[in-house]
Every structure is written in C-alpha cells, then in structure tokens.
There are 2 protein chains.
Amino acid sequence: MASDIIAATTTTTSAALAAYSQSIASFLFRNAAFVAERICAAETSLRRIEAARLLRAHALVCAGDWNAAKQLLSQVQVALAIDPLQLDPFLKVCAKMSAFLLAKASMELGHAREAEEHLRKIMPPFNPLLYVDREGSSTHNSKHTESTKLDAAFLTCLEKYCPDDSAIFCLMGLICKQASTYSLAQQYLLQALEKNPYLWIAFEALCDMGFKVTPDIYFTDTACSNYISSIKHTTLETSVVPTKAENTIDESSSSAVPVLGPATRLRRQPSAPSNIRDTKRTKLTTATSATNAQLDPKPQPIQLQPSSLSTNSCPILKNILILAKAYLSYKQFDCAATLKIIETLCPAELNSARVAELLAKSYFEMADYRKAEEWFAKSISLEPHRVSGMDIYSSTLWHLKKQVPLSHLAHTLTETHRTSPQAWCAIGNCFSLKREHDVALKCFARAIQLDPEFTYAHTLSGHEYISMEDNEKAMQSFRTAVRCDKRHYNAWFGMGYIYLTQEKYDLAEFHLNHALQINSSNPILIVYMGLVYEKKKQTTKALDLYRRATQLRPDIPLYPFRLATLLHAMNRASEALTVLEPLVAQDPCESAVQFLLGKCLAQVGQPARAMKAFTVAQDVASGKVANSIREEIERIGGLVGVGGVEDGANVDGMEF
Amino acid sequence: MASDIIAATTTTTSAALAAYSQSIASFLFRNAAFVAERICAAETSLRRIEAARLLRAHALVCAGDWNAAKQLLSQVQVALAIDPLQLDPFLKVCAKMSAFLLAKASMELGHAREAEEHLRKIMPPFNPLLYVDREGSSTHNSKHTESTKLDAAFLTCLEKYCPDDSAIFCLMGLICKQASTYSLAQQYLLQALEKNPYLWIAFEALCDMGFKVTPDIYFTDTACSNYISSIKHTTLETSVVPTKAENTIDESSSSAVPVLGPATRLRRQPSAPSNIRDTKRTKLTTATSATNAQLDPKPQPIQLQPSSLSTNSCPILKNILILAKAYLSYKQFDCAATLKIIETLCPAELNSARVAELLAKSYFEMADYRKAEEWFAKSISLEPHRVSGMDIYSSTLWHLKKQVPLSHLAHTLTETHRTSPQAWCAIGNCFSLKREHDVALKCFARAIQLDPEFTYAHTLSGHEYISMEDNEKAMQSFRTAVRCDKRHYNAWFGMGYIYLTQEKYDLAEFHLNHALQINSSNPILIVYMGLVYEKKKQTTKALDLYRRATQLRPDIPLYPFRLATLLHAMNRASEALTVLEPLVAQDPCESAVQFLLGKCLAQVGQPARAMKAFTVAQDVASGKVANSIREEIERIGGLVGVGGVEDGANVDGMEF
C-alpha cells in the first residue's frame, strides 16, 4: 500500500513535470511557475526541491521577471554548492541551468560583470575526465528505486531547458563583447561556433568586432556531423523512422565529452585588430586564461579540416557559408565583395528580407544611397514589420532628402516597434531633415535611453550637434559611440570632420585615417581625407585620394571636380582638362565647372575657348550669383566650404 | 551518390532543427529565427517550408516581436488552408501551432477579437473521428522514404512547441474573460481544467469571475491519470528507467483522441451569477454554441467521479486541491473559511509567499488591516521581489497610515518593477496618504496606462476623486472599474458611498447592497449599509447590521458605539447600556462613549451615575471640545459625518 502511494506520487510528479513543460510551450509562464512551486513544496529530497526551484526560476525568466528569478536562483546556488565538482549528472545539469539563468537575468538587468561571474563557474570543460569516470561506473542507473526514477523524470525535464556548451560559450562571448573585452569575447565565440555551426549570432558578433573569422572552417559538413554527435536527447533520436543515418548519430551521441581539440588551437590564435584601445581587458584575460589552462589538461590535435569545405553537400550549410562570407566582407567594409558573394546564393535566399537588408546596407556603406534605398524597399516589401536595419534605411532617405517616404517609415515604425531604438532614429532623422534639430536630438536621446549600447544613435546625435554648431557636445557623442563600438567609422569621421572645421589638420588626419582603416571603400571618407591633405599641402596624397574617389563613384561629379580644381591649382591644367571634359559633357549647365574649365583653358593658352566657357558660366549662374560670380568662384575650395559647390554640383550629402 | 547527398541533407536538416530547439531553450531567439529561415530557404517541399516558417514565427513570438510574427503567420495560414480538415497529423500540428501563435500575438497586441477568431479554427474536437481513421490506417508511417523521415524530424520539433488542447481551451477562456463574455469563458476554462488539473490559471480565472467551481471534481488522482493518458511525447516517455508505472502511461498515451465526455456536461451547466449586466455576450455566445454543436457529434457520459477525491494519494494534487478550495472561498469573500482551509496545508506550502499573500489578502477583505500587514510582510520576507498583491499591501499600509513602510514599499517596487501597475498603485497610495491627491491621481493613471484592465487602479482613482470632492469623475472611475471586473465590490461601495453623501439613499442602498452580495463579510460595508437603513428610518435592519459588524470585529469600538447610539435613539436605553459597558471598560477616556453612557443612564433613571458619566465626558474632552461638548455630541450621527466620532473612537479608515 505504502509502495503504491510512492509509485502514485512518482506518476503525479511526472505528470506535473509534463504539465510544466506544456505550460512553458504554451507561453503560460505564470502557470508553469505555479506548478513548479507545488512540486517544490511536495518534494522531500533536497536535490529535487532545488531542481523544482530551478524550474520555477526558469518560468520566471521566461516571463521576464528577472528580479524575482535572480532572487530565487541565489537561494538555489547555495544548496547546489554542496557538490562543488558537480560530478553527479543531476547536479551538473542543475548547476549549469542555475548559472545560465542567473547570467541571463543579470544580463537583462544590466549587470554584465555579475553575469560573467556566474557563467565562469560552469565554463566547459567541466572537469570532463572525472565526469566520464563517474558515467562509466554508472552506479547511478543501476538502482531502480522510486527515487532514482523520480530523479530521471526531473533530469529529463531539466535537460529540455539546459543550455548546451555552445550556448554557454556564446552567452559568455556576448557578455565579454558588451564589456569591450574583445579578445576574450573572440575566444569564447570561436569555441561556441566550433561546437555548433548553427550559432550564427556568435559569428555575427565576431564579425561585428572586426575579427576576420574564416567561415570555411566553421560552416562545413564536418562541423555539422561533429555537432550532431555532441547532441543528446534531440529530434534526431525520434523513434518514428529508425534508419541507418540516424543510427550513426545515436552511436556517436553516447560519448558525452565535448570535443575540445580545436578550441585550444583557436584560443592561441593572435587576436587581431582590436588590440588598439582595448584597455579594460588586461585583468580579465589573465584571470580566465589561468582557469582555462587548469581545466584543459591536455591539448588535442586539430580535428577540423578546411579541405572538405567546398563539397558542402547540404543546401542549409551551403547557404549559411555564403551568408557568412558575405557578412564577413560586409563587416570588413569590402562591400563590393559582399555584392559578388551574395550573387552565388540560391533564389530562395536571394529573395529573403535578410539578404535584401544586407545588400542595402552594403550599398549604404559605399555611399550609394539610391541603390541602398531600392534594396531597403525590397526588404520592407518582403517583411513589412522588419525593424532590423531601419535606422540605416532612415538615414538613406535622409541623404536622399526624401521627406515623404521618411515620414512614412518613421510613422510605421512608431506604430509597430515603439520601443525599438531603430524607430526613434527614424523619427529623429525625419525631424533632422526638417531642420528641427532640437527635436531630432530628443528622439536620438530616446533611442539611447531604450538601448544605451545602440551606437548609431550616438553618432546621429553627434551629427545633429554639428548642425547646431555645438562641437563640444558633438565630440562627446562621437566619443561615446566609439566606446560602444570601436569599429564605428562614422563616429571617427565625425570627430575628424570637427577637427577639420577647427583647422586642426593633424588631429583631423588621425581620426579620418582611423575611419578609413575601418572602411576603405567609402568615397566620402576618401574625399575628406584628400581635403585634409590638400590643407596640409600634401598635394600628391590629396590627388591620389581624389582619383580613388572618382574611380569608386564615377557618377558623382564632385569628386572629379575636386581633382580638377587641385590640378589647376598645381598648374597641371592639361591634366585638369582631361578630367573636366567628361564633366562638361555630362552637364553643360554647371556654372562652377564651366568657370574652372575656362581658367584651365586660359592656362593652357586657349583664350577663345576659355572666354566661351566663362560666358557660359556667367549665363547659367542665376541672379546675384551671376553678378558676383567672380568672387563666388574665387572662394571655391576654401576650408571645408564645399557648400556652394555641393549645391551646384548635385552632390549627395556629406554626412553619414 | 545522389542518395548520399539526400541522406546528408536529411541529417543536416535534423541537426538544424536540433540547433533551433537548443537556441530556443537557451533564449537565443534571434539565432533560432535565423536557423528557421535557413531551413525554410533550403527546403523543397511546400509543407516543410510552411513548417519552417512556423518555427521562425515561433521564435519571433518568443522574442516578443508580435507584429513580425503575425505578419509571417498570416502568410503561413494561407498555405495551410490547402487541407481544410487538417486530417494529416503534420498539417494538424502546423494548423494548431499557427493559430495558437497568431492568437497569442494578437492578444499581446490587444486584438482580443482577432485572437478569438484564430483560436476558434482549431478548437478541439478537431473532427476526431476522421483523425483517428487516418491514424489507424497509418498510410503515412509505412513509407520509409527520405521525405517521410524529414517530415518526422519536423513533426518532432514542431510538437515540442505545439500547445495541447487544454492550453488552447485555456487561452480561449482567458480571451473570452477579457472580452467580458463570462459564460463562454466559463465553458472553455472548465474544459481546460478538466483536461489538465495542473492548469491553475484556468481555475483562478474561473474564481475571479465569481463561478463556484467544485475543486473536488478537478484536482483528483483520476483527473491526473486522465491527463497522463492524454499526453504524448513528454518526460513520461523517458527511456532511462523503464518500469511498470511508466509502461502504464505509455500504453494509454497511444490513444490520441481527447476525452471529451465531461466537457459536454459542463458546457450545458447553468452559467451562474455573471448573468447580471453581461451585455456584450449575446452575439458571441450564439455564434460559438452553434460551432460547438457542429463539432461535438455525440455527447458522452460523465467520466469524472468526485467520490475518489478525499483519497488523493499524492501530495502535489492534495496541496493544489487545498489551495483551490482556499482560493475559491477567498474569491467568494468567505475569507474566514479561507483561513481555516489554509491551516490544513503542509508546512512547506504554509511557508510559501503565495500562501502568505492569500492570507494577507483575506484579512484585507475582512478589513483586518493589522493582520493583513503581518502576512504581507511575511510574503515579502519570503520573496523580496514579489510584485503580486503589492497593490493591496500598499492600501493596507494606507489604511494603517504607515507612511514610512509605505514609502519604502513604493520605492522598492519602483526599482524592481517599474512597469508594473502594482508599483504605481503603491506610489499613488503613498502620495494619497500625504494628501497630495493630484499627484496620486497621476500615479494611478500611469498604472491604468500600463494595464487598462487593472481594476484596482480605477477604484483607487475613484477614491482619490472623492477626496478632491469631484464626485462626477469619481463615479466615472468606479464605473470603469466595474466594467473591468463586475465583482469588484470596492467600486460598488464607492458608488454607494457617493450616493449616500448626496442623500440619494435608494441608489446608495442599491449599490451598497450589490457590494454586500459580493463580499458579505466586510464590516465596513455592513456598517455603511446600516447607516443607509438608519437614514431611511428602517431601524430594525440597521440594528441587525450594526450587530453583525460588531460580531465580526469586536475589536473595533465604532461598531458597538453606532449600535448603542441607534438603540438610545430608539428609546431602548437598557439594551444600549449592555453594549456600552464593555466599551467603557475597554477605554474609559472616550468622551463620546461616556456622554452616550450618561444619556442612556439618564433614560433608565440613574441620574447620579449619568451625572458622573457626563463629568468624565467633559473632563476627557480637550479644550474647545470640552466647552462645546453638548453641541458637538448633539450632532453625532448627522449624515455620513462619522468624522468627529471616528477620530475619537479610534476607527480604521472607512475607504477601501
């Protein structure tokens, strides 16, 4: 009779655990928390009480009640510390989940440092040798008492919500990235990616930090089969259709030890561009390196072979590989390459909003706003409620001075994503275009309030302050932007631009150079750099840059015009003429171009043709301009003052 | 070779599905969406493309991007309509998930009507006869092609996130409740509860609407085993420890048809008190009843037997049953019963924050604010980050005029739950106690903005308007409160109170009576009702009510004082004396009591003792009061003006 009751209890507890899972799956988180609470109150074994408490905390995390979850988890942590080495699989899963949930809640509450501390406790390898020994002896599974049966039911439920090692590495990497300890972030994210080729956000984060990851190593069939062998309790174990392919998987899944070989290699890889200005890192790096060394007893040989890559047999990984290559080159600002890589995608991928957005952003970085707009429009037509990239879209429309579509975009975003920073950037851009700079600033401030790490909002604020001629505050905004993202070249450009207007050419050179090192294919950056060299009388360098800009964007008349002006000033009028002639052919009604043409012609001794050009220049210049044309034109090339020319030469905006 | 590639594709897709699940479990929703997108792009079969799209939408819902999810799901819906009867299990799961996710997203966006429409499409029974036939012939599982294998992998993944019937019924019930179609809500929630005894929120919602559900029917071993037999693919199927108990479960789980018998019975049950003022209901009720009749071919006999209940063998259901009874009596405002029921809980449950909160709220409803405070304090000490019930706790402190703890509570809540209506109610109460009524009103308005259905904030606004002597707006707030929750007696009391001050005694009687019908054990309601009867010269009724209040709360001197005053006015001085004497013994320094005592003594012909009482009355009354004691006392009982007496008689606040 007593044993009957115990058996019934086991059944009911199992049913309650099933009900918990169902509640989580049905988004009934409050109910899941209630069920977990009841299981907790009815349990007699300490370990299962803790497990039930963990499940309750998990439900609270799902419901977004971070504070309550954290509070509850802080109690669990204490009890689990009884087994500090977590050799028991039950406690191991509990410890993993508990630390992971604590880290998640801490992150959401903005306590990154705390999150890191929690995760560090469960960083794989989890002393794998000892773990395997215990598994091997399997003292645990031999007893078939009700208690072990209940333990098994709990374990199955917990494992559903227990993160795998790749997720732990990934979260750790993202935390380190947020704390700007890039090299540490790199280590963790690479390990995450190695364990799981489907962990795209890890790859994205690596690219965002500027690391040149080799996609060919990670997104391969080999990586996929390694991943498969590392998973237990997944869809692959479904008993519905047992066949050869699946048996292979099951066999390999019996070895629970994670493959750690390649991690070691990558951990020792040099850590690339982020070395500059990485100040906060030192302390943390040393601490972890030591821990890793302790836990990782013997480095194993490299297992991943980049040779088998091009033979990626399945379309999913093939597509991911192409996307990865495209994203990498986009984040290296080799946007022309991105465009080429994307072409190799299958039609289904090509027709996705994500790819359209990547194309649009690539064109934006190349300052080709018209094409950027086209692709953004396509992205929106495919997914009208997309919020990703909409900040850049709004800037695109700002550059194109398209007030109506910009207003429409801002309005739509406000309706659907009121609490997204992207929406507020769009609204801000909308006001900026109307020259209501103070309102625009408030919008950008709101975006920053919603997400203080949203770099672009800081940059936009900076440009807005420039418009309001408050260089101090503009500088401050740009500095904050760079602190959020060292590779945000727009902010470096902003600072360079301010120094240029202040005639501090050395500082301007330093900052613009930094921006160019990040994005070397942006013609606006190149022309401004040329301007700085012109000011510093380093005319050869300036000429080179103007030529590069002209080559990159032959459709923008400002770049050859700047080139010709400089050539004329250097008494190289014949060269200037070869540059000017296509410009005149393109638009004969451009007063400034005609005037420069005239001066060049005069220099090379063709006074008649020069006179004709001067006359045309005076004719096409309107009203007052015509009268004061001489003085006006004399001032061309003064300081940054591209203003007059810009308007005339039909140039895209010079801001980002 | 080609077959190898296909097999490899199957494996990679399975791996991608596993990676999807892992991303969801690890809260990496953006990654899950990415993986689903890739699966979608790589798939060739239409049904699997739709399934992958569903998974992507699921990830978006998890991430809280309701708009994007809805948009994506609206596309899925179209494609699935190809098989309108959803006979195929694959399509059936897809249709269920799609509609459920759409309903969830619509609910979150505030489109309750739309949510209802989506859910209605998948309301069980799902034409179960046909479904079983198809399952029986099992034409689907006989072919072992790669395609069916892939289908199986998808199905396993989808089923993890597919809501069971109880969840669908529950969500539908909650939607109907929000739309104030209570009887329909009742039907759905009862069915949900029948299918799943662990669906506490369904029970809670039923009680909140005032339905007298019989917990003994639902929280039983029988219900639990019925639930177990209805679940497939859960923790119960774990192969780790196969034993007798589990085999039983597996056997029964093979019948996939939901038990529908008792649902029919309950659907025809009369729908109880909510009939009053249920205006919006008519249209919807008819529409659904028709649908249900169509889908439910033959009513089956009742299966649940309440006889087996008291023998609930396992502690979890035993505790849930007790909690259910306690919650039911609390929501019926039979709070004394609640207290008794709770005593029968096990110590682990008794020591939980949830139970402490229930006790605190019960005492609050009985206007015993001191005990309520004690239990709220215990609830907070157990779970410092609890937000549930904190609105009531702040009102408790308001009644007790405890400014410092109230400020502390408001401060803590603001820090941890800034966007919860409870926090803003607490802040509002804090300002209300400081008599800063306009600021308090703003706080309550913020609470309403955060959750327009948060009834208590409307009521608190009403009371605040009364303090500002704006009866019009107060009335409006109370009416809105009643619209949100018909059983919110505090709002009915507020309206009654206003009519009382306006000397509209019939209307006051109607509204106070309504409040009393809901909560008959609240002494404040009873005394006010007595006051109304006194005004209406229905002295016998008034006497009865004052006596009832005195019995309920012998510790509050106001109630017997009112009783004695009325008795004296009715020339029943000797009876008044028996009431007054314990009062005098309790606090001899109460001027008003001594004065009344004197008058009664004079009436029964004891002038010497009367004189002594008058002298004491004059002595203990301070300053001016002593001089004008006669006039002051004459006015006792005027209108609602309990003011003077209240202060003297040390009464708890009269508002809610």
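Cys170(B) is buried, at 0% relative accessibility. Here, buried means under 20% relative accessible area, exposed means over 50%, and partly exposed lies in between, with a 1.4 Å probe and protein chains only. Cys589(A), by contrast, is exposed, with a relative accessible area of 53%. The structure holds zero disulfides over all chains, a disulfide being a pair of cysteine sulfur atoms within 2.5 Å.

The model is predicted: local features need pLDDT of at least 70, side-chain atom pairs count only at pLDDT 80 or more, and totals for chains, interfaces and linings use all residues. Residues are numbered from 1 along each chain as its sequence is written, chains are lettered from A and ligands numbered from 1 in the order in which they are written, and side-chain values use heavy atoms, with hydrogens and water left out.

Chain A has 39 helices and zero strands. Both are DSSP runs numbered from the N terminus: helices are H or I with at least four residues, strands are E with at least two. Of the 656 residues of chain A, 60% count as buried. Contact means heavy atoms within 4.5 Å. Among contacts in chain A between residues at least 6 apart in sequence, 64% join residues at least 24 apart.

Helix H18 of chain A spans residues 315-331 and has 17 residues. From first C-alpha to last, H18(A) reaches 24 Å, close to the 24 Å expected at 1.5 Å a residue. The expected span is 1.5 Å times one less than the number of residues in the helix. Of the 17 residues of H18(A), 14 are buried, so the helix is largely enclosed by the rest of the structure. Phe333(A) follows H18(A) and has a positive phi, near 60°.

In the model, residues 353-386 of chain A are 79% helix and 0% strand, with end C-alpha atoms 8 Å apart. Residues 421-454 of chain A are likewise 79% helix and 0% strand, and their end C-alpha atoms lie 7 Å apart.

Asn429(A) lies in helix H25 (residues 421-433) of chain A. Its relative accessible area is 3%, so Asn429(A) is buried. Leaving aside residues up to four places away in sequence, Asn429(A) touches Asp391(A), Ser394(A), Ser395(A), Trp398(A), Leu406(A), Phe444(A) and Leu460(A).

Helix H35 (residues 591-603) of chain A holds Gln594(A). Gln594(A) counts as buried, at 6% relative accessibility. Its contacts, again not counting residues up to four places away in sequence, are Val584(A), Pro588(A), Ala613(A), Val616(A) and Ala617(A). Ala602(A) is also found in H35 of chain A. Ala602(A) is partly exposed, at 42% relative accessibility.

Side chains of opposite charge can pair when their charged atoms come close. A salt bridge is a side-chain nitrogen of Lys or Arg within 4 Å of a carboxyl oxygen of Asp or Glu. The whole structure has 54 salt bridges over all chains.

In chain A, Glu116(A) and Arg120(A) form one of these, at 2.5 Å from N to O. The two residues are four apart in helix H6 (residues 112-120) of chain A, so about one helical turn separates them. Glu116(A) is buried at 2% relative accessible area, while Arg120(A) is partly exposed at 21%.

In chain B, the side chains of Asp151(B) and Arg48(B) meet in a salt bridge of 2.8 Å, N to O. Asp151(B) lies in helix H9 (residues 146-161) of chain B and Arg48(B) in helix H3 (residues 46-62) of chain B, so the pair ties together parts that are 103 residues apart in sequence. Asp151(B) is buried, with a relative accessible area of 9%. Arg48(B) is buried too, at 5%.

Between the chains, 93 residues of chain B are in contact with 93 residues of chain A. Chain B and chain A bury about 7,600 Å² between them, 66% of it on carbon and sulfur atoms. Buried area is the accessible area (1.4 Å probe) that two parts lose on being put together, summed over both. Eight salt bridges cross this interface. Among residues paired in salt bridges are Glu204(B) and Arg30(A), at 3.3 Å from N to O.
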